[in-house]
Amino acid sequence: MSRFAHPAGDRHAEMLPHERPPLPPADLNRINPAIWPRTSGRTDGTLTIGHVDVRDLAREHGTPLFVLDEHDVRARMRDYVTAFAGSDVHYAGKAFLCREIVRWLHDEGLGLDVASGGELAVALSVGFPPERITMHGNNKSVAELTRALEVGVGRIVVDSYEEIARLGHLAERHGKRPKVMIRVTTGVEAHTHEFIATAHDDQKFGLSLSAGAAAEAVRRILALPSLELVGLHSHIGSQIVDTAGFEVAARRLAGLLVQIKDEHGVVLPELDLGGGYGIAYVEDDEAPDVKEIADGLREIVTKVCEDAGLPVPRLTVEPGRAIVGPGGVTLYEVGTVKDVEGLRTYVSVDGGMSDNVRTALYGADYTVTLASRASTAEPMLSRVVGKHCESGDIVVRDCFLPSDLAPGDLLAVAATGAYCRSLASNYNYLPKPAVVAVADGAARVIVRGETEDDLLRGQL
């Protein structure tokens, strides 16, 4: 037998979670308000969002389809602005960004974080105030920095010594003096997936606190008259459900603030603790309450600064997923239903990892329901999979769906507003789905779905 190949067996790659099936839910038709958009429910058995029947959405716009509950997203924006009154709330555009989202941000009084020139262009295209924009990125190009300077973005978060020198040179050449923050890697262990934990030293973001790189960055910025250092920035990870990690990060940042004051006689007025607040994807998840987050972070920052003998800096937070994630739902049409005897039923849908790569990338969990009708059939252990040429093309790894599920039925996957459309691809030449916003019984397209012509555009 080959040293490199072996029979897979019937449970290869953990076909069953922990070698046993999960327990079925008491009610397959239940729409848990902690997971689904705030305006979602069932009318005559059919899922509705924003008082719009999902069958009508599928007929008019096709599937896969991203559906965004406008009232839900706007309400969460307002929740953060209210809870963090006296601080700055900047929406993390990487979660999902389009022109309409930017308009909602403007209406609701939030700022915006961008991580590329493209995201900046989206914001500027609808007249979003550049002074309410913070620019992130570990490898900003000369073109991106130049445009940020030209339009006057509010803050530029520097990520390396090279960028400090590059930005200082560009600012001097253009006669600008941008406000900058230093992204500090604080060494905090956020209890999250390795790929979304961002404050440990061995990764690409930021300047290490423990190695002295952050302190050296302060020296280099203060030596450049073309740059104005206004604060420190930290982001410890994503899908975080408590403030313990933020407290450790804040204490370590306070230590650096004291060092800056002692060494340079400079008191920095701003502190950005990033975002990463979690949401509920499945029944066992507990999303943190925004007011508790706000109160907890304010208390932490106030206490650590008082303990360090520092004035309390103005706090900035950067929620993304927590604002747009819960209000998003993805609709799919069932194509094939394949029973693997003794294991589970594979339910194939008309999308997959091209519209939601998080399951393959992070092992993300999701909640799914039969959306086009209610069912009283017995539950069957299922795996919802996509149509791509990858065995890892999984949308929902372990779930229960009714045993009378059939081709043509619509499935809805909850909490897909963040990091699904923004991470979408054209793998296997599938067009990216449209995004529709629903509210008060009406739906409108806010991102047009791609066509085959779009896929071929640009090819010679």
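Me: Which residues does the UniProt annotation "binding site" cover?
Reply: The unreviewed UniProt entry lists Gly276, Glu318, Pro319, Gly320, Arg321 and Tyr419. UniProt positions follow the numbering used here, feature names are shortened, and annotations may be inferred rather than shown by experiment. The lining of the second largest pocket includes Gly276, Glu318, Pro319, Gly320, Arg321 and Tyr419. A pocket is an open set of points on a 1 Å grid over the protein atoms alone, where a 1.4 Å probe fits, with protein on both sides within 12 Å along at least five of seven lines; lining residues have an atom within 4 Å of a point.

Me: What should I know about the model itself?
Reply: It's predicted, so local features need pLDDT of at least 70 and side-chain atom pairs count only at pLDDT 80 or more, while totals for chains, interfaces and linings use all residues. Residues are numbered from 1 along each chain as its sequence is written, and side-chain values use heavy atoms, leaving out hydrogens and water.

Me: Ok, where is Pro319 found?
Reply: In the loop between β13 (314-317) and α10 (321-324). Helices (H or I, at least four residues) and strands (E, at least two) are DSSP runs, numbered from the N terminus.

Me: Is Pro319 buried or exposed?
Reply: Buried, because its relative accessible area is 1%, and buried means under 20% (1.4 Å probe, protein chains only).

Me: And what does Pro319 touch?
Reply: Beyond residues up to four places away in sequence, its contacts include Tyr80, Tyr91 and Tyr277. Contact means heavy atoms within 4.5 Å.

Me: What about Gly320, buried or exposed?
Reply: Gly320 is buried, at 6% relative accessibility.

Note on methods:
Buried means under 20% relative accessible area, exposed over 50%, partly exposed in between (1.4 Å probe, protein chains only).
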